[in-house]
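Welcome, and thanks for taking a look at this model with us. Please open the sequence and the structure side by side, and we will walk through a few places together.

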Amino acid sequence: MASPALSRSSSAETWRVRLAQFQAFTVAHPRLVAAKDELITAIRESEPNSIVMVFGPTGVGKTTLRMRAEQVLIEKLRPELEINRSRIPVASVEAIAPDTGSFCWRSHFKRLLQEMNDPLVDRRRLPEPDCDGKPKERFKLTATSSGSEYRYAVEQTLRLRQPTAVMIDEAQHLAKVASGRRLLDQLDVVKSIANRTNTVHVLFGTYDLLAFRNLSGQLSRRSVDVHFPRYRADLAEDRRIFINIVHSFQKKLPMPEPTDLVKNWEFLYERSFGCVGLLKQWLVKALSAALRHDDTTISLHSLETHALSMAQCDRILSEIIEGEARLNDGDGLRSKLRARLGLVEPAAATAPDRATQASTSDRHKLRPGQRKPGRDPVGQPAYAGCL
């Protein structure tokens, strides 16, 4: 007979396995599939030194999108990878939020080198001071190596490994700088590495990534936007798809008794804002608690306990609405653009002036019986022929 301690250990291992199975499950919903196809097209058809910006609400599923895209690129290059063992299909790294207020490129380059697993990193040569001549001095990256040395090692490794793309997750952290000019410098680093290595760089981030969108004309010309939006409750088709997603998660819950999530879909939407990533994270927390307590199903009370607070919801939704508004150019900006390009008809351009003149002249018209302004005579009137 098994001891109680062994029985508890076996039970804990069982629920962890069930939880891991649910965590590994992803729903191939329409917005994810569309964003993945658009991203793959942008990587394959853009210039080799292009920058692709993937942005959307927090928790919409951008990390899942990145992993799906990586799977497609790996499968596409599999025959070539069997021949060229030095090549890698993709290089992925997360942009870590800085501790001191400014993004640390040296630390970022170090993590990128580790991700690429460069076997010759200790044999790289330091270039000439102008970075154009042939390298002369041999060097090895150490704890005291400068950021420029790490950057040069990254460039050399990218040329050797030849990844289809460099994926940078949480790229909005690159914007952690002090001024607008420094913000442009941040993206210039990415642009320069992409240009020197002929490697597409993909930046994944929240709507804060829009700060990079139009910093300069050159960057705008070389960048491609991929929007990964949430599902909107005010659109009937989006509501239907969101309910189907909830049903898909419901069927995968590893519980003894079925959990009716669809019945509470409005509450699930209310606290996830139509973002599938947030919805899954929420369900994982509720499922973990239910499994640990040997519950037979996930109750509404458990969902309420593990939901985002109202203060958190207000903050996140405000950021989402603000980001969506910034993304929408609108007809007003298009009209201004056409006017600056001289594409506005002359009649349309002068119509407001005529209307203004007409309204001005109307103000000077007199009502019936109203006297015209003038000065009345003063003093005694003079009569002709008076004595």
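## The nonpolar cores

A nonpolar core is a set of buried Ala, Val, Leu, Ile, Met, Phe, Trp, Tyr and Cys residues joined through side-chain atoms within 4.5 Å. Buried means under 20% relative accessible area, exposed over 50% and partly exposed in between, with a 1.4 Å probe and protein chains only. The model is predicted, so local features need pLDDT of at least 70 and side-chain atom pairs count only at pLDDT 80 or more, while totals for chains, interfaces and linings use all residues. Residues are numbered from 1 along each chain as its sequence is written, and side-chain values use heavy atoms, with hydrogens and water left out.

The largest nonpolar core has 34 residues, of which L174 and L203 touch the most other members. Two or more residues each come from β1 (51–55), β2 (90–94), α4 (105–116), α5 (147–161), β5 (165–169) and α6 (180–197); helices here are DSSP runs of H or I with at least four residues, strands are runs of E with at least two, and both are numbered from the N terminus. The biggest contribution is that of α6, with six residues. L203 is in contact (heavy atoms within 4.5 Å) with I51, V52, M53, V54, I168, A171, L174, L187, V190 and L209, leaving aside neighbours within four places in sequence. There is also a second, separate core of 29 residues, with M255, F267, I298 and L303 among them.

R230 sits in the loop between β7 (223–227) and α8 (236–252). Is this arginine buried or exposed? R230 counts as buried because its relative accessibility is 8%.

Which side chain does R230 join in a polar contact? Its partner is Y269, at 3.5 Å; a polar contact is a pair of N or O atoms within 3.5 Å, where within protein one must be able to donate a hydrogen and the other to accept it, and residues adjacent in sequence count only if both atoms are side-chain atoms. A polar atom of the R230 side chain also lies 3.2 Å from the backbone oxygen of F273. Beyond four places in sequence, the contacts of R230 include R31, P57, D238, C275 and E324.

F273 itself is in the loop between α9 (265–272) and α10 (276–292). Phi of F273 is near 60 degrees, a positive value in a residue other than glycine, and F273 is buried at 4% relative accessibility.

The 17 residues of α8 span 25 Å from first C-alpha to last, close to the 24 Å expected at 1.5 Å a residue (1.5 Å times one less than the number of residues). Its buried residues are D238, I241, F242, I245, V246, F249 and Q250.

F249, with a relative accessible area of 1%, pairs edge-to-face with F25, at 5.9 Å centre to centre and 85 degrees between the planes. Rings of Phe, Tyr and Trp (its six-membered ring) pair if their centres lie within 6.5 Å, and planes under 30 degrees apart count as stacked, over 60 as edge-to-face and the rest as tilted. F25 lies in the loop between α1 (4–24) and α2 (30–45), 224 residues from F249. Together, F22, F25 and F249 form one aromatic cluster.

## A last stop at N198

N198 is in the loop between α6 and β6 (200–205). Its phi is near 55 degrees, again positive in a residue other than glycine, and N198 is exposed, with a relative accessible area of 52%.
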